[in-house]
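Here are my notes on the model, as numbered points. Have it open in your viewer while you read.

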Amino acid sequence: FGRPSWTLSSPEARYDIDNRIARAQHPSGTIFRDGKPAYRLTARIGTVLNDGMVVLLEGDIRLEQLGAQPLMIHASRARWQPSRQLLELDRHPEALDVSNRIRSRRARYLFDREELQLNRSPILEHWSQPFDPFRLQNRGRPEFVLAVKEAHWFPRQGRLEASGPLRGSRQEGASASKPATPMQTLRASALQGNTRQQLFTLFGPV
């Protein structure tokens, strides 16, 4: 027996035999890596076409990376192609780990490469205070905001590559012991770095 690559279940579903279409309410899927659960995928509505070749998802879509490195990707509409290991997201997609959020008008997640691609006006935000990416909470104003032309993020490794023009701002928040720092602005042509290590290199002109 081979290892499963993905599963999809629902508390309520209807199947059209002639058109090979299944419609599911509150579908929940599991995506495996090396035979072990790696991601959990949920939505309000799912439409399975051609017996699983394509899965259309709508409403509160959540892709959660399982394991020690929490990651949550959220959108309102998505197209999942299991055979291509590809999830295409639109309608306000965003990805969050414990200290960063990346949002864009459209995004693609490649499961085999563990890569998030954003090419429609991506915005990168960073907070120094860690938070739970799976919970809706008031994180306050981000301390670092960067608008880029295109971004490639490998969340499990933390590697981030962004091309410009880049426009950003930085301001450390106030605390009980010190006031907020003045707003700093920056411009660059490209960025490379690591979100887990919080190390970034900006390429000129800066």
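1. Surface first, and bear in mind that this is a predicted model. The chain's accessible surface comes to about 12,000 Å², and carbon and sulfur atoms account for 48% of that. Of the 206 residues, 40% count as buried. The C-alpha trace spans about 65 × 35 × 30 Å along its principal axes.

2. On secondary structure, you'll find 19 strands and zero helices in the chain. Taking contacts between residues at least 6 apart in sequence, 40% of them join residues at least 24 apart.

3. Charges: I get 31 positive side chains and 21 negative ones, and the centres of the two sets lie 4 Å apart.

4. Which residues have the most contacts inside the largest nonpolar core? That core has 36 residues, and the answer is Leu63, Ile73, Leu87, Tyr109, Phe111 and Leu116. Strand 8 (residues 71–81) gives the most to this core, with five residues. As general background, nonpolar side chains in soluble globular proteins tend to be buried together.

5. Ile73 is worth a click. Setting aside neighbours within four places in sequence, Ile73 is in contact with Ile61, Arg62, Leu63, Leu89, Glu94, Ala95, Tyr109 and Leu116.

6. Now the rings: the structure holds five aromatic pairs. One of them is Trp6 with Trp80, edge-to-face, at 5.1 Å centre to centre and 70° between the planes. Trp6 sits in strand 1 and Trp80 in strand 8, so this pair ties together parts that are 74 residues apart in sequence. Buried or exposed? Trp80 is buried, with a relative accessible area of 1%, whereas Trp6 counts as partly exposed at 28%.

7. Trp127 and Phe131 pair up too: the ring centres are 5.5 Å apart and the planes are at 90°, so this one is edge-to-face. Trp127 is buried at 6% relative accessible area, and Phe131 counts as buried at 8%. Elsewhere, Tyr39, Tyr109 and Phe111 form one aromatic cluster.

8. Last, have a look at Pro11, in the loop between strand 1 (6–9) and strand 2 (12–16). Why does Pro11 count as exposed? Its relative accessibility is 71%, and the cut-off for exposed is over 50%. Pro11 still touches Gln25 and His26, not counting residues up to four places away in sequence. Pro11 and His26 are 15 residues apart in sequence and 7.1 Å apart in space, C-alpha to C-alpha.

Note on methods: Residues are numbered from 1 along each chain as its sequence is written. This is a predicted model: local features need pLDDT of at least 70, side-chain atom pairs count only at pLDDT 80 or more; totals for chains, interfaces and linings use all residues. Side-chain values use heavy atoms; hydrogens and water are left out. Helices (H or I, at least four residues) and strands (E, at least two) are DSSP runs, numbered from the N terminus. Buried means under 20% relative accessible area, exposed over 50%, partly exposed in between (1.4 Å probe, protein chains only). Contact means heavy atoms within 4.5 Å. Accessible areas come from the Shrake-Rupley method with a 1.4 Å probe; for residues, only the protein chains shown count as cover. Lys and Arg count as positive and Asp and Glu as negative; His and the chain ends are not counted. The place of a charge is taken as NZ of Lys, CZ of Arg, CG of Asp or CD of Glu. A nonpolar core is a set of buried Ala, Val, Leu, Ile, Met, Phe, Trp, Tyr and Cys residues joined through side-chain atoms within 4.5 Å. Rings of Phe, Tyr and Trp (its six-membered ring) pair if their centres lie within 6.5 Å; planes under 30 degrees apart count as stacked, over 60 as edge-to-face and the rest as tilted.
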